[in-house]
Each structure stands twice: as structure tokens, then as C-alpha cells.
Amino acid sequence: GDIDASNLEAVTEALTVAMVGARDLDLDLSGVAFCDLGGLRAIVRAADRLEPSRRLVLRGTPNHLRRVFKMVGWASLPNLVVGEEAS
């Protein structure tokens with residue numbers, strides 16, 4: 001599916017709810033065909049709000065999203081792990 005303006009609020013809310021707890025967060029992006037800038041920012045903001053001991057781990061990240069995260073420097077954020085490509 002897509003992450004865009006039509007569902008950004010729901011995605012942001014789901015990330016906020018998932019952040020409760022003490023463990024790392026795993027986010028499976030293998031089914032994401034398109035993610036606009038708002039969606040990317042929501043993911044980065046969620047990672048940035050985590051305590052320093054926690055990480056947001058992106059799993060099944062499509063190659064095009066991996067490239068964007070690397071290109072803009074977000075792949076090197078301390079609380080964000082851009083995982084492997086989707087199979």
C-alpha cells in the first residue's frame with residue numbers, strides 16, 4: 001500500500017501507540033509501494049522521539065525507500081535502523 005496524505009494521521013497515530021514500551025520497535029515496510037515526504041517524516045519523528053536506548057528498526061524496506069533514507073542522511077540517525085530490502 002501507500003503512505004501519503006490520505007492515511008498519514010492514522011500512520012502517525014499507529015506509530016505513537018506502538019512506541020509505548022521499553023523495547024525496540026520493528027516496522028515492516030515490505031508492503032509499502034509508495035511513501036510521500038510526510039510519511040517519511042512521520043517515521044523519522046517516531047524514531048527521534050524514542051529514548052536513546054531504543055531503536056525503530058525498519059524491516060523489509062523497499063529499495064527505493066532505502067535509497068531515500070540514505071540520500072537525505074536519515075539512515076544514519078542513532079535511533080533509526082534502515083533494514084534489509086523486501087524480498
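View 1. Aspartate 24 is partly exposed because its relative accessibility is 32%; the class lies between buried (under 20% relative accessible area) and exposed (over 50%), with a 1.4 Å probe and protein chains only. This is a predicted model: local features need pLDDT of at least 70, side-chain atom pairs count only at pLDDT 80 or more, and totals for chains, interfaces and linings use all residues. Residues are numbered from 1 along each chain as its sequence is written, and side-chain values use heavy atoms, without hydrogens and water. The side chain of aspartate 24 meets that of arginine 55 in a salt bridge (3.0 Å, N to O). A salt bridge here is a side-chain nitrogen of Lys or Arg within 4 Å of a carboxyl oxygen of Asp or Glu. Arginine 55 is partly exposed, at 36%.

**View 2. Aspartate 26 and arginine 59.** Their side chains form a salt bridge (3.4 Å, N to O). Aspartate 26 lies in strand 2 and arginine 59 in strand 4, so the pair ties together parts 33 residues apart in sequence. Strands are DSSP runs of E, at least two residues, numbered from the N terminus. Aspartate 26 is exposed, at 53%.

View 3. Three strands line up in the order 2-4-5, with parallel pairing. Strands 2 (25-28) and 5 (80-82) stand at the edges, each with a single partner strand, so one side of each has no neighbour in the sheet. Two strands pair if DSSP finds at least two bridges between them. Four bridges join strand 2 to strand 4.

**View 4. Arginine 54 and glutamate 51.** Their side chains meet in a salt bridge (3.1 Å, N to O). Arginine 54 is buried, at 3%. Glutamate 51 is partly exposed, at 40%.
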